[in-house]
Amino acid sequence: MLNAYEAEGFSPEDGIAGKYVLSSKTESGQLKDIKFINDDNFNFAFDVVDALAEKCPNKTAMIHVDYKGKERKISFKNMMQYSNKAANYFQFLGIKKGDRVLLVLKRHYQFWFSILALHKIGAIAIPASFLLTKKDFEYRFNAADISAVIASSDGAITKEIDKACKSYEGLKAKVVVGVKKEGWSSFNNDIKYFSSTFKRTAKTPGGNDPMLMFFTSGTTAYPKMVVHSYKYPLGHYITAKYWHCVDPEGVHFTISDTGWGKALWGKLYGQWLCEAPVFTYDYNEFFAKEILQMIEKYRITTFCAPPTVYRVLVHLDMSQFDLSSLQTVTTAGEALNPEIYAKFKKATGLDIMEGFGQTETTLTIANLKGTKPRPGSMGKPSPAYDVKVMRSDGTFTDKGETGEIVVGVNKEIPRGLFLGYEAEKGKVKNPIRDGYYHTGDTAYMDKDGYLWYVGRVDDIIKSAGYRVGPFEIENEVMKLPYVLECAVTSVPDKIRGQAIKATIVLADGYVGDDELKKETLKYFRANMASYKRPKLVEFVDELPKTTSGKIRRAEIKEKDWKKD
């Protein structure tokens, strides 16, 4: 197989990834195409982490800093040994292949030991946010038939889980990380008694077997259960190598709670496939200055954060920090406003390389290594995906025409695309329609192949006969110097059917009084076409968001439409 691909211009990637990843590149080194091989039984925990523990045992896999400032350097050998200990411990507690295990571990280093252990056992790991409440846990327990939970002792997490357990009897194990809790097994205390050896067997899962489950962030409805296979980590090779541009001798820092899929985009799979160390700051409360201090102190070389973080950073004096170690900065999660891009570029000299993907996918569209980003554009389709823009009738759009982003799967299921949505345990609903996965996100493609985000299909506003995407309007609103964040939604209007509203969070030092509201509306009248001009402005302290930081426009819209 390798010889056949080599004849087509493909060659193995560097390092441990070369056994599984082949690529072809342009003369300038840009990624042109990618192929995956030898992955029928691929298991990341054994084939990458344990393999690196043998190849470079003392190489740093992670630098972990907790909220008190305590620093830990964890090598690949440590990762292998402690994931083995955790695997033996979990099996002792009764966790077995096929069990569903909820991980609610904030940014604790034990998350990495635990998820790798579950991969080795064959139990399905389900990362979850530490912000969940009793109701959220009840839903997840019953929907996914959860067998065990591993949770942090910080905050109210264990209390909320215990409340949920009063109506759910399916847990065979409750494991707490941190302070001991009555009725819970203690990870920190117990793990030391278990062997650091865990053998792979003929029954060890891999390849197309289910490995991972996410509950979607639920911007419009109850979270759905997204199921990924053991091939999912390979899909993140492009994420790390050609988007984050990680350096095996550098340090990569992605800001994300481990309950969000973004953590696995930037804090585990692709980075270690590239043999690059990751940095984790386990803070209790987000302070932008502390993030910049960490970049300076630990000489971070590549950095990724959601647009929300960049919106805060650009309001700081970044010249106070030595950010010279940074080589590449990236963002995803929701669209990045060009105004934020420009302010960050002015402050640091660095382009924010935007990307697009979903819980259901890996990086699908991006400004990859070697491309020239266009502020406001998501970039071009990843070579790993067959991306098209489709009209509602199933035909493809012309250049500049808005449609739904879809992914073709007729030729081959891309590495990183999910297996489907689970409706009940063991039964996965295939999401493919007529050979395409429909993302539910809309965009248009320009004449050069760059894609420009418009909004979720459900977020499109229809006003006075026009279809308007909220992101286009938000970009204009963000140009106002006093706007920190904004969300554009529709409200009922007797004449137009729908009118446009801007909900705005102000930067520090500004007061949202009637005078500022008049000034804002005056700016809209002077700078926006009448059909996409917000007619209403509301100043708020914060915008409703999912646990992963995405703005919940649907919640704002629902509240306003109920008023009518």
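Biologist: How many bridges join β1 to strand β2?
Modeller: This is a predicted model. β1 and β2 (residues 21-25) run antiparallel. Proline 12 stands opposite leucine 22 in β2. The number of bridges joining β1 to β2 is two.

Biologist: Which are the edge strands of the open sheet of three strands?
Modeller: The order in this sheet is β1-β2-β3, with antiparallel pairing. An edge strand here pairs on one side only. That gives β1 (11-12) and β3 (31-36).

Biologist: Which helix packs on that sheet?
Modeller: The helix touches β2 and β3. Its direction makes about 160 degrees with that of β3. It spans residues 237-244 and is helix α9.

Biologist: How many charged residues does the contact of α5 with α6 have?
Modeller: α5 contributes Lys134, Phe137, Glu138 and Phe141. α6 contributes Ile157, Glu160, Ile161, Lys163, Ala164 and Cys165. By class, six are nonpolar and none is polar; the charged residues number four.

Biologist: Which residue in β12 is the bridge partner of phenylalanine 214?
Modeller: Strand β11 covers residues 210-215, and five of its six residues are buried. β11 pairs with β12 (residues 225-229) in the antiparallel sense, over five bridges. In β12, the partner of phenylalanine 214 is valine 226.

Note on methods:
Residues numbered from 1 in each chain as written. Predicted model: local features only at pLDDT ≥ 70, side-chain atom pairs only at ≥ 80, totals over all residues. Heavy atoms only, no water. Buried < 20%, exposed > 50% of the residue type's maximum accessible area, 1.4 Å probe, protein only. Helix = DSSP H or I, 4+ residues; strand = E, 2+ residues; numbered from the N terminus. Pairing = 2+ DSSP bridges. Contact = heavy atoms within 4.5 Å. Nonpolar A, V, L, I, M, F, W, Y, C, P; charged D, E, K, R; others polar. Axes fitted to C-alpha atoms, helices over the stretch in contact; angles between N-to-C directions.
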